[in-house]
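Good morning, and thank you for the time on the agenda. Please look at the sequence and the model on the screen before I take you through a selection of contacts.

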Amino acid sequence: MESSFLLLLRLVLLASALTLGACTAGCPSAGLKLNFYGSSCPNAEQIVQTIIYKEVEKNPILAAKLLRMFFHDCFVRGCDASLLLNSTSESTAEKDAPPNLSLAGFEVIDVVKEALEQACPGTVSCADIVALAARDSVSFPFGKSLWDVKTGRRDGNVSLLSEALINIPRPTSNFTTLLQSFANKSLDVGDLVILSGAHTIGVGHCNLFADRLYNFTGKGDSDPSLKPAYAEFLRSKCSPTDNTTTVIMDPGSGLTFDSHYYVNLKENKGLFQSDAVLLTDGAASKVVDAMVDFGAFLAAFGKSITKMGDVGVLTGKEGEIRKHCRFVN
């Protein structure tokens, strides 16, 4: 049964690969491929999926957490699982940088890694686990994989708080800053808008958008780009100094991976400044309009997150395969 499933998966992924056409900018990194562990650890992807499905069934918000973990990892040193490393007495790691303090799901990655080490010691990288876990956590409600994940990443051995502060896009960023941050990773305006659609699931902390609600221009007002009724709702949830309360990022659809984020955005109900500014650029705004259609969003999201998953990867003999994701070997 299991071998038949894997065979079917290979055939589906091969058919998908044949439709990609000529490789252009943002094409997959050399060394990454579908079913990389087909010979060295044939059940690797099934093991990841089984554990992630089980965990997301118990805790649906985990999907947003694992998706965010993948983003934050890839934006610093590339998708090398440097985000998973613990700080040491000699160096403070990415994990302890302010943008990452609200991340969660590390213990789930540990469970997956332990299972893979039992099945195939020293074979499957933590970087690939993060990429697969992000896909599988979002895919669980659909009962099928929403996008293909090429594997073959290796794990980095450097993790610096300072690099996280520089590279992770901020929810308070303006459009120019966001666009440059994505361009630094070979991602374009379309990728920026499409990957922002990940905000269709999960929550945001009040302190990350409170300045949009109180004294935005120094006159005790709210951000004029925020729908007044929505601003009033948010003020009822968040005080100016609230660092602990969270609110749904996509009101009305916070646990469902869909295109409702763009519907809210067009109604001026984007939670973060980084959401609202997507409407201030002509090209970005056109992508927002197109992404309201769920089918279009799902197809585009798969392509953009695959492109992001190629950023700065280590392959071949680069890096290492960690025995435990929190520590270098």
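Predicted model: local features only at pLDDT ≥ 70, side-chain atom pairs only at ≥ 80, totals over all residues.

**Packing around L84**

Let me begin with L84, which is in contact with M69, K95, F106, I109, C126, V130, R322, C325 and R326, once its neighbours within four places in sequence are left aside. Contact here means heavy atoms within 4.5 Å.

A second, separate core of 12 residues includes F209, C238, V247 and M249. A nonpolar core is a set of buried Ala, Val, Leu, Ile, Met, Phe, Trp, Tyr and Cys residues joined through side-chain atoms within 4.5 Å. The largest such core has 70 residues, and those with the most contacts inside it are L67, F70, L84, I109, F301, I305 and M308. As to burial, buried means under 20% relative accessible area, exposed means over 50%, and partly exposed lies in between, with a 1.4 Å probe and protein chains only.

Residues are numbered from 1 along each chain as its sequence is written, and side-chain values use heavy atoms, with hydrogens and water left out.

**Aromatic rings**

K95, a contact of L84, lies over the face of F106, at 4.7 Å from the ring centre. The criterion is that NZ of Lys or CZ of Arg is within 6 Å of the ring centre and within 35 degrees of the ring normal.

For ring pairs, the rings of Phe, Tyr and Trp (its six-membered ring) must have centres within 6.5 Å; planes under 30 degrees apart count as stacked, over 60 as edge-to-face and the rest as tilted. By this rule the count comes to 12 aromatic pairs. In one of them, the rings of F36 and Y37 have centres 5.0 Å apart and planes at 85°, so the pair is edge-to-face. F36 counts as partly exposed because its relative accessibility is 35%, whereas Y37, at 2%, counts as buried. Elsewhere, W147, F257, Y261, Y262, F297 and F301 form one aromatic cluster.

**The annotated positions**

Which positions carry the UniProt feature "binding site"? The unreviewed entry places it at D73, V76, G78, D80, S82 and E94. These positions span 22 residues in sequence, yet no two of their C-alpha atoms are more than 12.5 Å apart, so they gather at one spot. UniProt positions are given in the numbering used here, feature names are shortened, and annotations may be inferred rather than shown by experiment.

Consider two of these positions. G78 is found in the loop between α3 (62-74) and α4 (106-119), and D80 lies in the loop between α3 and α4 as well. Helices (H or I, at least four residues) and strands (E, at least two) are DSSP runs, numbered from the N terminus. G78 counts as buried at 4% relative accessibility, and D80 is buried with a relative accessible area of 3%. Not counting residues up to four places away in sequence, D80 touches D73, A127, R154, D155, G156, L314 and R322.

**Salt bridges**

Side chains of opposite charge can pair when their charged atoms come close. The structure holds 12 salt bridges, each being a side-chain nitrogen of Lys or Arg within 4 Å of a carboxyl oxygen of Asp or Glu.

The side chains of K307 and D191 meet in a salt bridge at 2.8 Å, N to O. This pair links distant parts of the chain, with K307 in helix α13 (residues 294-308) and D191 in helix α8 (residues 189-196), 116 residues apart. K307 counts as buried at 17% relative accessibility, and D191 is buried at 5%.

D289 forms a salt bridge with K266, the closest N and O atoms being 2.6 Å apart. Here D289 is partly exposed, with a relative accessible area of 39%, and K266 counts as partly exposed at 44%.
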